[in-house]
Amino acid sequence: MVEDEKKKIVLDKSDFSTWYNDVVEVAGLSDKRYPVKGMNVWTPYGWKVMQAVDRILRREFDDTEHDEVQFPLLIPKTEFQKEADHIKGFDAEVYWVTHGGLNELDVPMLLRPTSETAMYPMFSLWIRSHNDLPLKTYQIVNTFRYETKMTRSFIRVREIHFFEAHTCHETFEDAEGQIREDCSIMDRLAKELCIPYLLVKRPDWDKFAGAVYTIGVDTIMPSKKTLQLGSIHQYRENFSRPYDITYEGADGEHHHVHQTTYGMSERLIGAIIGVHGDDKGIILPPKIAPIQFMIIPILAKGKVEMVTEAAKELEREIKEMGFRVKLDLRDVRPGSKHYDWEIKGVPIRVEIGPRDIENNTLVFKRRDLSTKAFIERKDLKEEAQKALDEVEKEMLSRVENIMEDGVKEVDSVYDGKDLLGTGWDGIIKTNWCGEMECAREMETQMDKTFLGYPLKDAVSGETEKKDGNCMNCGKPCDTVVMLSKSY
Ligand code: ZN
């Protein structure tokens with residue numbers, strides 16, 4: 001019954017918005033029928049994908065000396081109100097808890113929209129001397145934001161699967177070093193997830209509430225609109241002062257710590273779906289695919305038992321090699337099985353039938369290119385690894401193309417309009433003199449908003465500089481900026 005219902009949906013990526021909602025549903029990644037809008041149910045397959053991403057995050061942050069913690073979900077209003085800008089930034093998005101049972105609470109509490117105000121009162125107790133620094137923590141928890149715009153699975157939700165790292169350091173330079181480490185983590189993560197990304201320092205008017213500066217991690221969706229996947233913030237002493245987080249230095253004096261944060265969410269999955277999916281379904285990067293190999297037995301009449309046994313043996317074998325593998329023994333035609341696992345983005349489907357058993361061969365079908373290859377059974381281990389590597393390589397080359405086609409340099413408003421006239425609607429890279437008037441005019445003329453200042457690379461943390469002229473007024477300047485349409 002479910003099968004039939006699924007097949008009624010025709011996936012057509014040329015209508016991206018409808019396609020996205022449909023593909024999330026038919027791939028079984030999330031169920032949005034829960035009676036609170038924007039609070040979606042993680043279905044088993046979607047949760048496995050998210051857990052695979054979380055495993056990479058945990059590995060990266062554990063390897064860089066961060067410690068995982070878990071803070072309470074509820075934050076007392078009194079703690080939330082300590083940092084003024086932070087409140088301003090989140091006030092309209094907060095869910096409040098006002099009652100405990102039948103009693104009105106003396107101090108109302110809120111569901112964390114992010115955890116600065118939950119963690120920092122405790123950091124102030126934990127940190128005593130410079131020996132306690134750096135303090136590097138992270139947690140993976142649900143956060144809540146009262147979203148008023150239209151919600152969309154993984155992209156705009158009210159209950160967010162949130163990764164947040166919070167660090168404390170002795171000096172501003174130490175904190176800057178942390179931000180560079182964060183950028184390099186993002187670089188490695190993006191490669192494993194096969195997603196395009198840009199590191200862009202936000203303009204001052206668009207930074208995080210309470211931050212000294214914010215680096216946005218943006219991806220480029222097929223529409224060429226940007227989607228913020230995460231953000232990295234330099235707080236300097238903006239939070240350590242109101243929350244009184246101090247340490248005794250080697251000089252015997254008390255100093256406020258310097259802090260950074262790094263946030264990411266299930267938008268990482270939204271990016272993978274959007275960037276790589278096609279009219280056949282989603283395509284999962286091999287490193288996070290819950291099932292890397294799906295075995296589909298060709299059960300010819302009279303040979304059912306023999307093929308089933310051989311397929312089970314093959315499953316055991318592939319599992320022992322350390323890959324994630326499953327065998328589809330449902331009583332449906334092989335064609336339907338192929339169709340179902342194609343939708344779910346399994347990188348390699350493995351066919352085994354009577355003839356393959358006789359010839360000691362297997363058939364590998366790749367999800368990304370829809371190609372078919374005959375594999376000698378004796379070469380299985382090497383061929384299996386090679387197949388996954390090739391899928392990843394192909395996905396990364398697609399990412400490269402998206403990056404190349406997604407960003408174009410422009411010298412003047414005139415050139416910009418020319419470019420947009422061709423129907424291309426991606427990210428514009430240009431020079432800006434720093435005048436707000438020019439910024440507003442550039443935004444209006446290009447019908448895009450300031451994304452910010454692109455970083456030169458993930459390592460240096462420096463923004464890109466290039467001699468040129470302000471896109472709007474023509475004044476010589478070397479500040480490079482990007483403008484985009486964003487989700
Ligand atoms: Zn100007």
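Is Lys207 buried, exposed or partly exposed? That was the question I started from, and my notes follow. Bear in mind that this is a predicted model.

1. **Lys207 and its partner.** Lys207 comes out as partly exposed, because its relative accessibility is 32%, and the cut-offs put buried under 20% and exposed over 50%. Its side chain meets that of Asp204 in a salt bridge, at 3.9 Å from N to O. Asp204 itself is exposed, with a relative accessible area of 57%.

2. **Salt bridges overall.** The Lys207 pair is a salt bridge, and the structure holds 35 of them. As a reminder, side chains of opposite charge can pair when their charged atoms come close. Some are joined up: Arg59, Glu60, Arg188 and Glu192 are linked in a network of salt bridges.

3. **Lys448 with Asp425.** Here the N to O distance is 2.6 Å, again between side chains in a salt bridge. Lys448 sits in the loop between helix 14 (436–446) and strand 22 (449–454), while Asp425 sits in the loop between helix 13 (413–421) and strand 21 (427–431), so the pair ties together parts that are 23 residues apart in sequence.

4. **Lys429 with Glu464.** These two side chains also meet in a salt bridge, at 2.9 Å from N to O. The pair links distant parts of the chain, 35 residues apart: Lys429 belongs to strand 21, and Glu464 to the loop between strand 22 and strand 23 (465–469). Lys429 is another buried lysine, at 14% relative accessibility.

5. **Helix 8 and Arg267.** What about cover around helix 8 (residues 267–276)? Of its 10 residues, 10 are buried, so helix 8 is largely enclosed by the rest of the structure. The buried residues include Leu268, Ile269, Ile272, Ile273 and Val275, and also Arg267 and His276. Arg267 counts as buried because its relative accessibility is 15%, under the 20% cut-off. Beyond its neighbours within four places in sequence, Arg267 is in contact with Phe154, Ile155, Arg156, Leu227, Gln228 and Leu229. Ala211, by contrast, is 56 residues from Arg267 in sequence and 22 Å from it in space, C-alpha to C-alpha.

6. **Helix 10.** Helix 10 (residues 334–343) is mostly covered, with seven of its 10 residues buried. Those are Ser336, Lys337, His338, Asp340, Trp341, Glu342 and Ile343. Have a look at the backbone just after helix 10 too: Gly345 takes a positive phi of about 75° there.

7. **Gln178.** This glutamine is in helix 7 (residues 172–193) and counts as buried, at 3% relative accessibility. Which residues does Gln178 touch, leaving out those up to four places away in sequence? They are His66, Lys136, Thr167, His169 and Thr260.

8. **Pro354.** Pro354 lies in helix 11 (residues 354–359). At 15% relative accessibility, Pro354 is on the buried side. Not counting residues up to four places away in sequence, Pro354 touches Ile298, Ala300, Lys303, Met306 and Val307. As for Val304, it lies 50 residues from Pro354 in sequence, with 9.0 Å between their C-alpha atoms.

9. **A negative patch.** On the surface, Asp62, Asp63, Glu65 and Asp67 gather in a patch of negative charge. Glu65 is in the loop between helix 3 (44–63) and strand 3 (67–68), and is exposed, with a relative accessible area of 61%.

10. **A nonpolar patch.** The surface also has a nonpolar patch, formed by Tyr34, Val36 and Val41, with about 230 Å² of accessible area together. Val41 lies in strand 2 (residues 41–42) and counts as partly exposed, at 37% relative accessibility.

Technical notes. Residues are numbered from 1 along each chain as its sequence is written. This is a predicted model: local features need pLDDT of at least 70, side-chain atom pairs count only at pLDDT 80 or more; totals for chains, interfaces and linings use all residues. Side-chain values use heavy atoms; hydrogens and water are left out. Patches are made of residues with over 30% relative accessible area and no salt bridge: like charges are joined within 9 Å, nonpolar side chains (Val, Leu, Ile, Met, Phe, Trp, Tyr) within 5 Å. Accessible areas come from the Shrake-Rupley method with a 1.4 Å probe; for residues, only the protein chains shown count as cover. A salt bridge is a side-chain nitrogen of Lys or Arg within 4 Å of a carboxyl oxygen of Asp or Glu. Lys and Arg count as positive and Asp and Glu as negative; His and the chain ends are not counted. The place of a charge is taken as NZ of Lys, CZ of Arg, CG of Asp or CD of Glu. Helices (H or I, at least four residues) and strands (E, at least two) are DSSP runs, numbered from the N terminus. Buried means under 20% relative accessible area, exposed over 50%, partly exposed in between (1.4 Å probe, protein chains only). Contact means heavy atoms within 4.5 Å.
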